[in-house]
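Biologist: Please put the model up, and then we can go through it residue by residue.

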Amino acid sequence: MELERQIEEAATYIARARKLVAFSGAGVSAESGIPTFRDPGGLWDRFDPLELGGGDIFTSIFSGARVPQAAVDFVSEMVAVLERARPNPGHYALGELERMGILRTVITQNIDNLHREAGNTKVIEVHGNIFRMACMICGNRIMLEREELFAMGRELVEMLRAGNIQGIVRVASKCRCGGVCRPDVVGFGEPVQEMPRAISEAQSADVLLILGTSGMVYPAAYIPEYAKRAKARLVEINATGCYFQDLVEVGMVGKSGELLPRILERVKYLRSYSVF
Ligand code: NAD
């Protein structure tokens, strides 16, 4: 009953919103088969974040430096998992909310490109995007198609397993300047991307949806606070609890892939029968 009431309350805020912004984390993609970092069985349960979470590991791998076996296993698992992943009903609900003219921006900590694949066009990726490569020489950025990215990923894993350093450098030499590229994603200790734009979107929202994030990674985790200070209403959905309890009007415990489509249905109903 409580959940039904929360769905109705969230849908009412969203249906009335002048500017809805979503702020998402790894939980939104959990139902697409991508493990989160901090849940039981998540990536940091099995791999050491101190060893593999820094951006320098990508720089080392893609420039052909010798890396620990754990890094090879990590890259190999990530390539396989990301290749299988497709948007889930939560992503599609957000795509539909944008098409309805309600959702203006998705600010995401995810690097998996699934918001774009689900139809969202205004996506701020504060931790980068694995489909984009950045040249380590000239800084040029290149967006890869799905097929191209995963063909490269599979080849890279083969080379890493074989310790074929020249092969790795050849695979990663994608830039027109001849430079070696690495994925344009943000590791621990590296600067986040487009944070000023993300803050400004959060500050101009009148409703902020917080989805599937533990709020432990800063500075991204400040986003809800910026929206709150600018007087937005906040709605949180998380599978294991409310991590922004002090800030939110509605804190829903449940999966975003299940709750977002239910909220969307109610938003459509409210919009069709009222003057919002
Ligand atoms: P996190 O792993 O710290 O937290 C994920 C949160 O999602 C948890 O609180 C969990 O309870 C919740 N959750 C799990 N399944 C859910 C579901 N189905 N619906 C709703 N909530 C669910 O993730 P974070 O806060 O995003 O921070 C981790 C960092 O790791 C991010 O910065 C991100 O860059 C990176 N990351 C990205 C991906 C991805 O791109 N898909 C995956 C793992 C980690």
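Modeller: A polar contact of 3.0 Å joins the side chains of Gln-109 and Thr-213; a polar contact is a pair of N or O atoms within 3.5 Å, where within protein one must be able to donate a hydrogen and the other to accept it, and residues adjacent in sequence count only if both atoms are side-chain atoms. This is a predicted model, in which local features need pLDDT of at least 70, side-chain atom pairs count only at pLDDT 80 or more, and totals for chains, interfaces and linings use all residues. Residues are numbered from 1 along each chain as its sequence is written, and side-chain values use heavy atoms, with hydrogens and water left out.

Biologist: Is Gln-109 buried or exposed?

Modeller: Gln-109 sits in the loop between strand S2 (103-108) and helix H7 (114-117); helices (H or I, at least four residues) and strands (E, at least two) are DSSP runs, numbered from the N terminus. Buried means under 20% relative accessible area, exposed over 50%, and partly exposed in between (1.4 Å probe, protein chains only). Gln-109 has 12% relative accessibility, so Gln-109 counts as buried.

Biologist: How many residues surround the ligand, and which are the closest?

Modeller: A residue is near a molecule or strand if one of its heavy atoms lies within 4 Å of it. By class, the shell has 9 nonpolar, 15 polar and 5 charged residues, where Ala, Val, Leu, Ile, Met, Phe, Trp, Tyr, Cys and Pro count as nonpolar, Asp, Glu, Lys and Arg as charged, and the others, Gly among them, as polar. The ligand is surrounded by 29 residues, the closest being Gln-109, His-127, Thr-213, Ser-214 and Thr-240.

Biologist: What percentage of the ligand does the protein bury?

Modeller: A nitrogen atom of the ligand is 2.7 Å from a side-chain N or O atom of Glu-31, and a ligand nitrogen is also 2.7 Å from a side-chain N or O atom of Asp-112. An oxygen atom of the ligand lies 2.7 Å from a polar side-chain atom of Thr-213. Taken alone the ligand exposes 840 Å² (Shrake-Rupley method, 1.4 Å probe). Of that area, the protein buries 94%.

Biologist: Which cysteine sulfur is nearest to that of Cys-181?

Modeller: Searching the whole structure gives 0 disulfides, a disulfide being a pair of cysteine sulfur atoms within 2.5 Å. Cys-181 is in no disulfide, and the nearest cysteine sulfur is 4.9 Å away, in Cys-135.

Biologist: Which side chain makes a polar contact with that of Glu-125?

Modeller: Glu-125 lies in strand S3 (residues 123-125) and is buried, with a relative accessible area of 4%. Leaving aside neighbours within four places in sequence, Glu-125 is in contact (heavy atoms within 4.5 Å) with residues including Thr-108, Asn-110 and Arg-132. The polar contact, at 3.0 Å, is with the side chain of Arg-116.

Biologist: Is Gln-245 buried or exposed?

Modeller: Gln-245 is placed in the loop between S8 and S9. Its C-alpha is 28 Å from that of Pro-191, and the two are 54 residues apart in sequence. With 58% relative accessibility, Gln-245 counts as exposed.

Biologist: Which residues does Ala-239 touch, beyond four places in sequence?

Modeller: Ala-239 is in the loop between strand S8 (233-238) and strand S9 (250-253). At 49% relative accessibility, Ala-239 counts as partly exposed. Not counting residues up to four places away in sequence, Ala-239 touches Val-253, Gly-254 and Lys-255.
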